[in-house]
Amino acid sequence: MGKSCPRSYDGAMNIERSSQLPVSAPVVFDWFSRPGAIQRLLPPWLPLKVIEEAGSLKDGAAVLGLPGGLLWNAKHQPEGFAQNRSFVDQLEPVGLRGLPARAVRWRHEHYFEPAGPQSTTVRDCIESNMPGRQIESMLAYRHRQLADDFAAHHRAAQSGLEPQVIAVTGSSGLVGQALCAFLSTGGHRVIKLVRHAPNTAGERRWDPADPDESLLEGCDAVIHLAGASIFGRFSQAHRQAIASSRIEPTRSLALLAARSDVRTFISASAIGFYGASAGPDPLDEFDSPPAGTPDFLSGVVQRWEQAAEEGGGSMRRVQIRTGVVLSPKGGMLAVLRPIFSAGLGGPLGGGQQMLSWIGLDDLLDIYHRALWDSQLAGPVNAVAPQPVSNAEFTRSLARAVHRPAVIPVPGAAPKLVLGAEGSQLLAMADQRIVPRKLLDSGHQFRNERIELELAHSLGAS
C-alpha cells in the first residue's frame, strides 16, 4: 500500500488521481528527473510559464511566471523524497518585486508505486485551496500526457531508436520548446542551435548565413524549425523576412549536415505548398503544387523544401508540411480563444473554407516518428486525418469554452488586420490536406477529431 494523501487544512482540499504505466518505477522516476518534465505536464490553458526548472527532485526549485510579473517557486521538500518512489513540491509565492503574493496554498505529492515487474501506479496527491475543478482538469491532463508520451517513446524504442544527440533550431518557439522537452524527457540529448552567445552547455551558437564547420559535431540528427512568423500584413519587409529566414539558412544547414555524420535531417515545411485555395478535392504528398504562378507562400515553401534537399549523400531527409497548429500557447487558437470565451466568436465568411489542423502534441509525435521511421522521407503532411470546415471548427471551439458562437464575421474583416493578401493566404485559406504517408504507415494520432483536441488542450474534457 502507498502512503495516503495528506489531510486538508484551513479550507484547503485534497484531490488525488492515479493511473498505471507499463514500465518500472525507476524508469518513470527517471522521466520526471529529466529536463523538460514540468513543461510536458503543465497544462497549456494555464497562464503559467516555466522560468526555471528544478535541478533536483530532492531539494531543487522550479520558478513559474504568471502575467504581471508574479513569480511562484515550486520548491521540492527533502523530507518527501525517496529515490524511485516519491517526491514533493510545495508552492511558495514570491510576489511582484518582492511584495507578498495572494495566499495560494499548494502541496503536490508524487508517488510511484510498483504494480508488477514492468508496471507502475503513478499517484498524485494535491492539497490546495485552489478550485477543485481546476485541479481535477490539470491532473487529468497530466495523466493523459504521461500515458501518451510513454506510448510514443515505447513505439520508438520498439522500432530501434536509441538515445541520440539531436540539434534543434527554433528551440524558443512554440513547437521548439515543446519538442525539446519531449525529446529530453525521452532520454535524448538536445543541442539547441541559437543565434546568441551560448548560455548553457546545451547550446551552440549558429550563424544561419555561415554556420561553423564544427556546429553539428557529434550530432546524430538535426531538426530545423527556425523561421520568421508568417502572421501579419504581407508588406515587402514581411515577405522578405519570411523568405530570407527560411530558404538560405535551410540550404546552409543542409549542406553542412550532408558533410557531417548526421544521419537524419528533418526540416519544417508547410501545407502552404498546395496553395491557399487548394480546391475541394483532398490533396496528399503525391500531389503537385498549384499550376501556373504560385501564390507567395506556395512559392516560398517550394524553394524551402528544395533547399532542404541540398548536398546529396546518404543522409535521410524529411520535410514536415505542417497544417494549422492548435495550442492556446500560440498561433491561431491563442488569438481566437479569448474572443470565443467572451461570446464574440462566429464563423468566418461563409464558413465553408476547409481547415487542415494538427494538435501540438500530435505534431511532436510526427517529428519524433521522422527520427525513427527509416521509411519516412521527403515531404510528410503533418495534419490530422479529419480536416474541418471553418463552421465546424467554430462550433467545436464554442462548445469547448462553453459559449455561443452566433456572431458571423464578415469575410472582409480579416483584411483590416492582414491586408488583402494576408487575408487570402491565412484567414481565408481553403485547404483539404490528407496525411497519406502517415496513414499508410499506420501512424497513431493522439487526437484525430477536432473536438477531442480542443477538449484536451483547453481543459474542457
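Predicted model: local features only at pLDDT ≥ 70, side-chain atom pairs only at ≥ 80, totals over all residues.
Eleven aromatic pairs occur in the structure. In the pair formed by Trp 31 and Phe 32, the ring centres lie 5.2 Å apart and the planes meet at 70°, so the arrangement is edge-to-face. The cut-off for that class is an angle over 60 degrees. Trp 31 and Phe 32 are also members of a cluster linked by ring pairs.

The charged end of Arg 246 is placed over the ring of Trp 304, at 5.0 Å from the ring centre. Arg 321 is positioned over the face of Phe 273. Here the distance to the ring centre is 3.6 Å.

Ile 407 is located in the loop that runs between helix H10 (390–400) and helix H11 (413–427). Its relative accessibility is 39%, so Ile 407 counts as partly exposed. That class lies between the 20% limit for buried residues and the 50% limit for exposed ones.

Helix H5 spans residues 236–244. Within H5, His 238, Ile 242 and Ala 243 are buried. These residues cover an arc of only 125° around the axis, and therefore lie on the same side of H5. Gln 236 and Ala 237 are exposed on the other side of the helix.

The loop between strand S11 (221–224) and H5 contains Gly 232. Gly 232 has a relative accessible area of 15% and is therefore buried, as the limit for burial is under 20%. Gly 232 and Trp 357 are 125 residues apart along the chain. Their C-alpha atoms are separated by 20 Å.

Helix H13 covers residues 450–458 and includes Ile 450. At a relative accessible area of 4%, Ile 450 is buried. In sequence, Ile 450 and Ile 366 are 84 residues apart. In space, the C-alpha to C-alpha distance between Ile 450 and Ile 366 is 17 Å.

Key
Residues numbered from 1 in each chain as written. Heavy atoms only, no water. Phe/Tyr/Trp six-rings, centres within 6.5 Å; stacked < 30°, edge-to-face > 60°. Lys NZ or Arg CZ within 6 Å of the ring centre and 35° of its normal. Helix = DSSP H or I, 4+ residues; strand = E, 2+ residues; numbered from the N terminus. Buried < 20%, exposed > 50% of the residue type's maximum accessible area, 1.4 Å probe, protein only. Arc of directions from axis to C-beta.
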